[in-house]
Amino acid sequence: MPACSECLHARHLASSRASSSKRSLCSSSRSSKPQLAKQLQSRADRLQQHAAASSSSSSSSSAVAASPFSIDIQGLQLSLGPDGNKRRILKSCDLKVQRGSLHMLLGPNGCGKSTLLRVLGGLLYPDSGLVQTDEPSGFVFQNPDHQVVMPTVAADVAFGLGRYVLPEQQVRDAVEVALQLVNMQQFMHRATHTLSGGQRQRVAIAGALAEDPKLLLLDELTTFLDVEDQFGVLEAVRAVTHARRDVTAVWVTHRFEELAYADAASYMEDGRVVFTGSPDQMKARLRAMGANGIS
Ligand SMILES: Nc1ncnc2c1ncn2[C@@H]1O[C@H](COP(=O)(O)OP(=O)(O)O)[C@@H](O)[C@H]1O
Ligand SMILES: [Mg+2]
């Protein structure tokens, strides 16, 4: 079974960073095992409530923290590269993202989108600036073949939970909840190699969701997908943020048609966020920049 050590490492690191890790003015810390067990239980309870009220459009009952922003970044600077030859990649970068939204991040290749995502997930630490984010976070990357590594869907979604000592029933519940959130519950016992690319991406997202993240970091997930799968994955992510108003998704993309699914979007250039607005405002800006194919 192919496994990209970098992606797996990142998936684990992102969701297991040490509680002692310090980012400037970090808002909260990683859960301990008993806390995770409690979170998973409370999420199972919430899902039951959600299922009971599934026809209602009201949001989940989970508490929403005082700030409306799940991400608040100000003046973020980050240099990367070998010692003595470091290059400034993020240059006084600012970004605010509303909690419970699907926020898209666009910009030319090399402008720093993936680097910013890694800072948001705690995989990279800023040289200076303020970084406040909801935690924990979960990453999903471009290539599902590098992330979906277990023989069955259920085993893959449970994979990340394996490092906690959790009662079996709790793991089963967490897997079920995560698969329901991405509308893949009917595939629970399927062999992962029989799934389409989009279904595999939804399994990868469920794997991240199983650990009850508050921030989903999604880096060009639809690059390898056909149109049907592309929109299926987008639908799933939007459904997660709408069903769970305390979960925020940051979606990096270069496919402008995906803006139709966004609550808001930001555009990056040369290490900075240069524009944030509604999807329509973003489309207007892209048109003004001469981008093709903006409907
Ligand atoms: N570990 C690294 N060391 C040095 N330069 C890096 C490293 N990671 C990324 N970069 C550089 O940072 C810039 C931004 O990269 P990236 O965040 O991947 O851009 P994007 O995702 O927008 O295409 C690029 O010029 C890239 O070469
Ligand atoms: Mg990138």
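**Exercise 1. The nonpolar core**

Task: Find which residues have the most contacts inside the largest nonpolar core.

Solution: 
- Start with the core itself. In this predicted model, the largest nonpolar core has 68 residues.
- V157, A178, A206, L218 and V237 have the most contacts inside the core.
- Take A178 and set aside its neighbours within four places in sequence. A178 is then in contact with V157, A206, L209 and A210.
- Step back to the protein. Of its 295 residues, 42% count as buried.
- Look at contacts between residues at least 6 apart in sequence. Of these, 74% join residues at least 24 apart.

**Exercise 2. A hairpin and its sheet**

Task: State how strand 1 and strand 2 run and how many bridges join them.

Solution: 
- Locate the strands. Strand 1 covers residues 69-80, and strand 2 covers residues 87-98.
- Check individual pairs. F69 has Q98 as its bridge partner in strand 2. For I71, the partner in strand 2 is V97.
- Inspect the turn. The hairpin has six residues between the strands. There, G81 takes a positive phi near 125°.
- Recall a general point about side chains. In a regular strand they alternate between the two faces of the sheet.

**Exercise 3. Two packed helices**

Task: Describe how helix 6 and helix 7 cross, and list the residues that make the contact.

Solution: 
- Two packed helices are described by the angle and the distance between their axes.
- Locate the helices. Helix 6 spans residues 197-209, and helix 7 spans residues 227-243.
- Read off both values. The axes come within 8 Å and cross at roughly 20°.
- Classify the angle. Angles under 35 degrees count as roughly parallel, so helix 6 is roughly parallel to helix 7.
- Assign the hand. Helix 6 passes helix 7 in a right-handed crossing.
- List the contact. Helix 6 contributes G197, G198, Q201, R202, I205 and L209. Helix 7 contributes D229, Q230, G232, V233, A236, V237 and V240.
- Link back to the core. V237 of helix 7 is among the residues with the most contacts inside the largest nonpolar core.

**Exercise 4. The inventory**

Task: How many helices and strands does the protein have?

Solution: The secondary structure comes to eight helices and nine strands.

Terms used:
Residues numbered from 1 in each chain as written. Chains lettered and ligands numbered in written order. Predicted model: local features only at pLDDT ≥ 70, side-chain atom pairs only at ≥ 80, totals over all residues. Core = buried A, V, L, I, M, F, W, Y, C linked by C-beta atoms within 7 Å. Buried ≥ 20, exposed ≤ 12 C-beta atoms within 10 Å, placed from the backbone. Contact = placed C-beta atoms within 7 Å. Pairing = 2+ DSSP bridges. Helix = DSSP H or I, 4+ residues; strand = E, 2+ residues; numbered from the N terminus. Axes fitted to C-alpha atoms, helices over the stretch in contact; angles between N-to-C directions. Parallel < 35°, antiparallel > 145°, perpendicular 65-115°, else oblique. Left-handed = near helix turned anticlockwise from the far one by under 90°.
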